[in-house]
Amino acid sequence: MDYFRNILGAPQGEMQATSGADTVERLCERVSSSTLLDDRRDAVRALKALSKKFRLEVGTQAMDILLNVLEQDRNDAEIISYALDTFYYVMSNEPTDEDDATPVNSGLGCEFTEIFIKRPENVTLLLTFLEEYDFHVRWPTVKLLTVLLSNKQKELQEIILVVPMGVSRLMDLLSDSREIIRNDALLLLNQLTKGHGNIQKIVAFENAFERIIDIIKEEGATDGGIVVEDCLLLLQNLLRNNTSNQNFFKEGSYIQKLKPFFNIDDEYAASRQGGWSAQKVTNMHLMLQLVRTLVSPNNPQNQTVACQKVMNHCGLLQDLCSILMATGVPADVLTETINTVSEVIRGSQPNQEYFASVLAPSNPPRPAIVVLLMSMVNEKQPFVLRCAVLYCFQSFLYKNEVSQSQIIQTLLPTAADANSITAGQLLCGGLFNVDPLSNWFSAVALLHAIVENPTQKEQLLRVQLATSLGNPPVSLLQQCCNMLAQGGKVQTKIALLMILCGWLADCPIAVSHFLSNTANVPYLISQVSSSEADDHEIIVQGLCAFLLGICMLYNNDTTEAFTKSALKQVIQNRIGLESFTDKLIQVAQNENYTRAAKKPHLYHKHPNEIVFDYEFTRLFKMLENEVLKAVSGTGSVNGRSPGGPGIDHYKALLKEQEDQVLALRKNLEEMQAVSSSSEKTVLELKVQVQQLKDQNSLLKAQKATQGTPPPAGTNSSSTEEVEALRRELDSMRLQLQDKDTQLMSMSSNKSNDAATDSSSSYHNGSSADEKPQGSDNLRLQEIESQLVSMTTERDSLNERLIKANEENLKLTNGKRVTEEEKAALVKEHQELKEDMETLKKEQDDLLVLLADQDTKIESYKNKLKELGHQVEDDDDDDELEEVEDNDEGDAD
Amino acid sequence: MSYAYLFKYIIIGDTGVGKSCLLLQFTDKRFQPVHDLTIGVEFGARMITIDGKQIKLQIWDTAGQESFRSITRSYYRGAAGALLVYDITRRDTFNHLTTWLEDARQHSNSNMVIMLIGNKSDLEARREVKKEEGEAFAREHGLIFMETSAKTAANVEEAFINTAKEIYQKIQDGVFDINNEANGIKIGPQHSPANQSLNVGGSGGNQGGNCC
Ligand SMILES: Nc1nc2c(ncn2[C@@H]2O[C@H](COP(=O)(O)OP(=O)(O)OP(=O)(O)O)[C@@H](O)[C@H]2O)c(=O)[nH]1
Ligand SMILES: [Mg+2]
């Protein structure tokens with residue numbers, strides 16, 4: 001509502017605005033109605049002159065008319081130039097220097113921009129003006145597009161993207177020989193590429209890297225001015241989070257081209273009494289960040305590895321290390337250089353090796369690592385610098401067993417060289433001095449020297465420390481425990497607990513060393529069971545619980561008092577399972593933990609933020625569950641991380657279940673195959689049995705027929721006949737007997753045949769030999785029981801399948817709910833937008849009304865004047881003079 | 001590391017015809033069985049040897065989906081070579097070639113070398129477009145033609161290298177203006193006649209693998 005106040009506020013302002021609105025209206029009319037180009041041009045020029053002071057009036061009244069001019073009068077560069085400038089002033093939210101009295105309304109520019117881009121053709125039209133070489137057209141076009149982009153970035157980006165060759169045309173501006181245009185084009189491209197991956201890629205495709213690096217060179221590299229800064233910001237824009245462009249940058253050998261920019265000569269510092277200029281510091285910072293963008297631990301690993309390799313080969317790493325050791329480098333540049341070196345060497349063995357070989361130009365020469373560590377444990381050094389050194393040290397050790405052993409070696413008695421300062425000495429000193437930050441940095445540094453390296457964990461056990469005179473030396477491990485028990489600052493305690501956890505994890509010997517001092521376990525127990533509930537104390541308690549758990553997990557039962565089961569007993573009795581679990585879970589829920597777990601880089605701003613180490617959070621994540629399992633003694637733990645696991649967990653679960661289902665399905669298929677083949681065998685056997693049965697009954701029938709006397713048909717009985725019949729009968733009896741024996745032998749044959757039969761329905765007792773049939777039955781039973789067990793197995797598999805499916809369904813449901821929620825939010829957003837739209841419209845209407853009223857008031861005033869009333873004078877002449885003045889000021 | 005020439009390529013064609021797979025096979029010698037829809041454009045690069053000269057290929061693999069057309073059009077200008085790909089198992093991808101060609105001709109520089117590629121030649125059983133049809137289309141429109149398989153790698157090297165040979169020939173013939181980088185061609189930084197003897201006989205030798 002600022003503009004309302006401006007217009008209606010002071011009487012002076014009222015007059016100005018009134019006459020302004022009036023003049024604008026008259027000028028607009030002239031532009032739209034005049035048939036003479038000269039006339040129109042003059043009117044547009046006057047509008048331009050008024051557009052800063054009467055932004056609102058010009059914006060509301062002249063927009064369409066000026067758009068018309070752009071389309072109709074495009075052959076006249078001068079009028080186009082005035083029109084473009086007018087748009088620029090209306091849209092721009094930059095305060096104009098000539099009247100700083102009126103506060104700039106930043107909302108206004110955005111609103112006018114929105115109106116302007118409602119027709120995307122307007123933007124297309126502007127892009128065609130870029131083809132005009134005339135400075136008076138091209139330059140204001142660049143400026144106008146820039147201001148449109150900064151007002152409505154996303155919308156403009158989408159519009160420009162779909163205009164054929166839109167992005168390309170903007171890129172061509174970088175080749176303009178006129179520096180002003182080129183420099184403004186850099187600003188334009190910065191706005192254009194911000195947060196838009198596809199535009200970034202097109203710009204890169206159009207040779208942006210080459211052009212920008214050339215400009216940086218022309219402008220004097222890091223010694224150059226703000227143009228270099230703009231170039232570096234643009235490079236950063238094109239590369240950040242854009243893997244494709246990073247790959248193109250590397251493949252195009254542009255890393256090699258960055259190298260000379262890091263060649264700082266000591267002359268520079270010497271030639272300037274006050275050290276580096278602010279601009280040079282800024283440029284150097286951006287240059288270093290550019291390198292970091294290419295080797296960030298968050299990039300895909302192969303990408304980072306490839307870039308690291310190139311940086312070593314082309315000597316960029318070497319130059320960076322020289323900056324580390326150079327004199328006169330401002331502290332914040334030095335800090336950023338250390339961070340950069342860290343990421344260039346992190347996980348790359350050749351680069352780590354090179355870094356280890358760098359010597360500081362001290363007398364005697366010392367390894368750069370040692371010099372850096374000296375700063376880390378020095379309270380007087382800036383906090384961010386100390387963080388950077390730790391990060392560098394961690395990166396030096398990351399995934400490199402050789403460098404790990406090099407560091408541990410410097411702690412061992414054999415390597416002791418009384419005269420030189422070693423990394424090991426510095427770390428031990430830092431671990432036990434009075435500065436909690438030094439304790440923390442040193443403990444974490446040591447942790448990284450043994451992480452995932454059992455050999456070095458064991459080596460570190462050998463380290464003995466000399467205490468006060470006359471007392472026997474004490475082991476490093478025990479000294480850590482002693483320190484811990486002494487209390488002290490929370491940061492120190494957390495640091496010591498982290499190194500102890502890291503040390504004992506996966507190292508049973510270290511565990512037994514730890515347990516052999518009978519004071520250690522009771523101390524941990526007392527910590528975990530105490531009920532103090534300060535935010536930091538909770539972390540300490542949780543870490544103590546974790547350490548206890550590790551003592552259980554990696555316990556080889558050599559310490560009698562604290563065997564695995566003894567520890568478990570103690571934890572369950574003295575702390576209680578629930579309480580233990582609670583304390584442990586608290587650790588991962590701490591916001592400092594979440595922060596540290598995000599990325600390896602230490603991006604702390606204040607010493608208070610130093611709590612957890614990235615590598616430690618990984619260890620914790622890995623072992624937390626196992627500890628809980630071991631302590632609770634059951635396979636699964638109840639009440640684990642409520643609401644914690646997140647989508648990844650479910651995904652893993654789903655995958656697991658899918659695999660299971662798949663495996664079960666395969667199993668099932670196999671079982672079904674086996675079952676169907678045995679069913680087939682059973683069927684075949686049944687058929688055989690049936691056949692045998694049929695044969696048998698046939699034979700029986702035959703036997704029956706043969707055994708029955710012939711039908712009595714001829715009864716003309718003579719004795720002879722009877723006799724004959726009798727004989728016949730006898731012989732037939734004989735035959736029958738014969739047949740019977742025959743049958744008997746056949747029967748026994750048959751039962752031999754049936755030896756393979758397994759049908760239980762076969763009960764022919766005629767067989768003399770019972771054994772074969774018994775074995776048949778046995779086999780049959782076996783197969784049957786197999787069948788039954790297979791069926792049950794299949795059923796249970798089916799059941800598991802169903803369960804898995806149900807689980808799937810549940811997850812899908814969950815997803816749908818989330819989607820619905822999202823849709824609701826989108827809708828709400830839409831509604832809010834619509835509300836805003838209406839409000840805006842109302843506002844526009846009000847503006848129009850206001851303008852109307854202004855004119856009316858004006859005419860009333862005139863009438864009053866005519867009627868002879870005394871009215872405060874408007875002084876039209878003054879006004880016109882002012883217009884002329886402005887005009888002269890801006891025309892060139 | 002140093003090269004005599006640098007050529008910029010684009011790969012175009014309907015979605016799913018195997019553009020990304022062709023690039024992956026060429027740069028990494030791998031095949032990706034799952035369709036990983038390209039969003040916008042992806043970059044890849046490799047060094048090859050032609051006529052004893054090291055030539056760096058910078059390749060932009062574009063999205064075939066219609067919705068990305070306005071983005072991918074920005075890459076026509078500034079490319080020296082284009083691989084126009086269709087899928088021999090899907091006739092519609094062949095039918096769309098005319099549209100692709102019109103688009104390319106309209107937005108690219110007139111000298112751009114276009115290689116027509118019928119991909120998925122390993123799927124002979126599912127073939128819908130005869131090899132002769134591809135040849136005929138190429139002849140009619142003045143393109144080079146090849147059938148490839150991104151899966152078996154058959155002809156993949158050849159497709160990229162033959163395109164480069166054609167561009168190289170055009171340079172020799174003076175057709176390309178090599179000083180105008182907008183044509184997608186760049187002369188190497190250390191390209192001097194003295195260096196060439198190093199590369200003699202290297203043709204076809206250490207192609208492939210990484211270029212640095
Ligand atoms: N059998 C066979 N399959 C292929 C071949 N080339 C690609 N495919 C398969 O075809 C599918 C699509 O391949 P992409 O390379 O992703 O397709 P694209 O052309 O890049 O698709 P967009 O990115 O959407 O434009 C994938 O499933 C590939 O595995 C081939 O030569 N033979
Ligand atoms: Mg693709």
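Student: What should I know before I start reading?

Tutor: In this predicted model, local features need pLDDT of at least 70 and side-chain atom pairs count only at pLDDT 80 or more, while totals for chains, interfaces and linings use all residues. Residues are numbered from 1 along each chain as its sequence is written, chains are lettered from A and ligands numbered from 1 in the order in which they are written, and side-chain values use heavy atoms, with hydrogens and water left out.

Student: What is the area buried between chain B and chain A?

Tutor: The size of an interface is often given as the accessible area lost when the parts come together. That loss is taken with a 1.4 Å probe and summed over both parts. In this case about 2,100 Å² is buried, and carbon and sulfur atoms give 50% of it. On the chain B side, B:Phe43, B:Ser74 and B:Arg77 supply 27% of the area that chain B buries against chain A, more than any other three residues.

Student: How many salt bridges are there between chain B and chain A?

Tutor: Look for a side-chain nitrogen of Lys or Arg within 4 Å of a carboxyl oxygen of Asp or Glu. The count between these chains is 5 salt bridges. One of the pairs to look at is B:Glu42 with A:Lys201, whose closest N and O atoms are 3.1 Å apart.

Student: Which residues come nearest to ligand 1?

Tutor: A residue is near a molecule if one of its heavy atoms lies within 4 Å of it. Of the 25 residues around ligand 1, B:Thr15, B:Lys19, B:Gly64, B:Asp122 and B:Ala150 come nearest.

Student: Which atoms should I check for individual distances to the ligand?

Tutor: A backbone N or O atom of B:Gly18 lies 3.0 Å from an oxygen atom of ligand 1, and one of B:Val17 lies 3.3 Å from an oxygen atom of the ligand. For B:Thr38, a polar side-chain atom is 2.8 Å from a ligand oxygen atom. Taken alone, ligand 1 exposes 650 Å² (Shrake-Rupley method, 1.4 Å probe), and the protein buries 93% of that.

Methods: Buried area = accessible area lost by both parts, 1.4 Å probe. Polar contact = N/O pair within 3.5 Å; in protein donor to acceptor, adjacent residues only side chain to side chain.
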